[in-house]
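Student: I've got a model open and some labels I'd like to pick apart. Can we go through them one at a time?

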Amino acid sequence: MNATARVLTGLAAGALAGLLLAATAPAFASRAAAVVQPFGRLWLEALQMPVVPLVLALVVVGVNTAADAAASGRIARRALVVFLALLAFGAALAALLAPLLFGLFPPQPALADVLRHAAPATVPAAPVGWADALLAVIPTNPLNAAAQGAMLPLVVFALFMGFAVTRLEPARRQGLVEFFQALAAAMTVIVRWVLAVAPLGVFALMFALGARAGAGMLGALGLYVLVESLIYLLAGLAMLPIAVYGGRLGWRRFVSAAAPAQAVAASTQSSLAALPAMLEGAGRLGLPGQVGALVLPMAVSLLRLTSPVQYLTSAAFIAWALGVPLAPGTLVAGAALAVVISLGSIGLPGQVTFIATNLPVAQAMGVPTAPLGLMLAVDALPDVLATVGNVTADLAAAALVARRSAPDAEAVPAARYHADNV
């Protein structure tokens, strides 16, 4: 069994055991949940342990990676601008739709009580007014912000540090970047160790929630998967008019060229595996070879359209389940942070990415992070739509860059240019 199957098995076993015990012996189920739940919370807190240094390292390395890419030429700089715009679009879409869609369903007070009991007590509160939110962006003490889990000011400090590192002399810059790369790698190892026992942690959490909240928890998780899948689908479909009108392409031409890459993405759930098909699709679209061969590999690493969608939908789900109001300023701050975190999470494996990226956004928006352990288990279900959306966005980005870079690029098919020069 792969990691996802093991976690799903733990979730199903915990839910079944908790629901059966609640149905047959309610009094004993409550006592058993009180005994088992601390082990689930222990697992969650172990997951949170390496997140602060991991996020700091990822943002610093991500800034320097983007700076290196931008230094490689005008096409790369244009591509980065397009990536940022598309990521901001995805974040804005989720910030608008996720609270609205969850709000269509009535909250469950019993579920909220159970989740509050499961949530760690120390959750940084999101700023209330716009003035407080503005002042909270710049940390007067980055170490204190890290200790309190205040992710937004920590990420702002990491951005300043990342840009400062780009201005150092090459030897010192390389040494610092390698240090942060090593720090990120070490924290990733710790997260992998904790995820190795994820089936047990998820079992403990789901058993306690099933024993106390009953089938309502399963319905809530199903709602989360449904809303996330719907926003993934809408984000992917929105790339079609962006590519057609922004890249001046025909509808049928773009859909036909993108279909093989989308099929590979759906079957493998990997944007990297779909890269050869994307290069062929860029050739069928008539994109200059230099644009396709440069932009598409960059997009596979840096442009994950559905990542901000995931982060904001996860936070909005927790807020809905617990009855936490999300102010417009909180949503804007969460969307901005989601874009930065998405660019910084280059090269992380799937489940490590979920924890290292969703947790900072949830904390920055002032919602408890305890439900993330359960959402980790079910988040793999809509991953097909996420990968298809990412691949569609990659091709749309290449079309947008090609329109503005035609005089700088060679009129050679992208697949052939890639084979000859990369």
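This is a predicted model: local features need pLDDT of at least 70, side-chain atom pairs count only at pLDDT 80 or more; totals for chains, interfaces and linings use all residues.

Student: How do you know which feature UniProt gives to residues 221–245?

Tutor: The unreviewed UniProt entry lists them as "transmembrane region", along with other spans including 180–209. Such annotations may be inferred rather than shown by experiment. Residues 180–209 are 97% helix and 0% strand, with 38 Å between the end C-alpha atoms.

Student: Why is Leu234 called partly exposed?

Tutor: Buried needs under 20% relative accessible area and exposed needs over 50%. Leu234 has 35% relative accessibility, so it counts as partly exposed. Leu234 is found in helix α11.

Student: What makes up the nonpolar patch on the surface?

Tutor: Leu230, Leu233, Leu234, Leu237 and Leu385, with about 380 Å² of accessible area together. Patch members must have over 30% relative accessible area, and Leu234 has 35%. Helix α11, residues 216–246, gives the most to this patch, with four residues.

Student: Which residues touch the most other members in the largest nonpolar core?

Tutor: Trp43, Phe83, Phe102 and Phe254, out of 132 residues in that core. Helix α4 (residues 74–103) supplies the largest share, 15 residues. Apart from this core lies another, of seven residues, including Leu21 and Ala29.

Student: What is Phe102 in contact with, leaving aside neighbours within four places in sequence?

Tutor: Leu223, Tyr224, Val227, Thr313, Ala316, Phe317 and Trp320. Contact here means heavy atoms within 4.5 Å.

Conventions
Residues are numbered from 1 along each chain as its sequence is written. Side-chain values use heavy atoms; hydrogens and water are left out. A nonpolar core is a set of buried Ala, Val, Leu, Ile, Met, Phe, Trp, Tyr and Cys residues joined through side-chain atoms within 4.5 Å. Buried means under 20% relative accessible area, exposed over 50%, partly exposed in between (1.4 Å probe, protein chains only). Helices (H or I, at least four residues) and strands (E, at least two) are DSSP runs, numbered from the N terminus. Patches are made of residues with over 30% relative accessible area and no salt bridge: like charges are joined within 9 Å, nonpolar side chains (Val, Leu, Ile, Met, Phe, Trp, Tyr) within 5 Å. Accessible areas come from the Shrake-Rupley method with a 1.4 Å probe; for residues, only the protein chains shown count as cover. A salt bridge is a side-chain nitrogen of Lys or Arg within 4 Å of a carboxyl oxygen of Asp or Glu.
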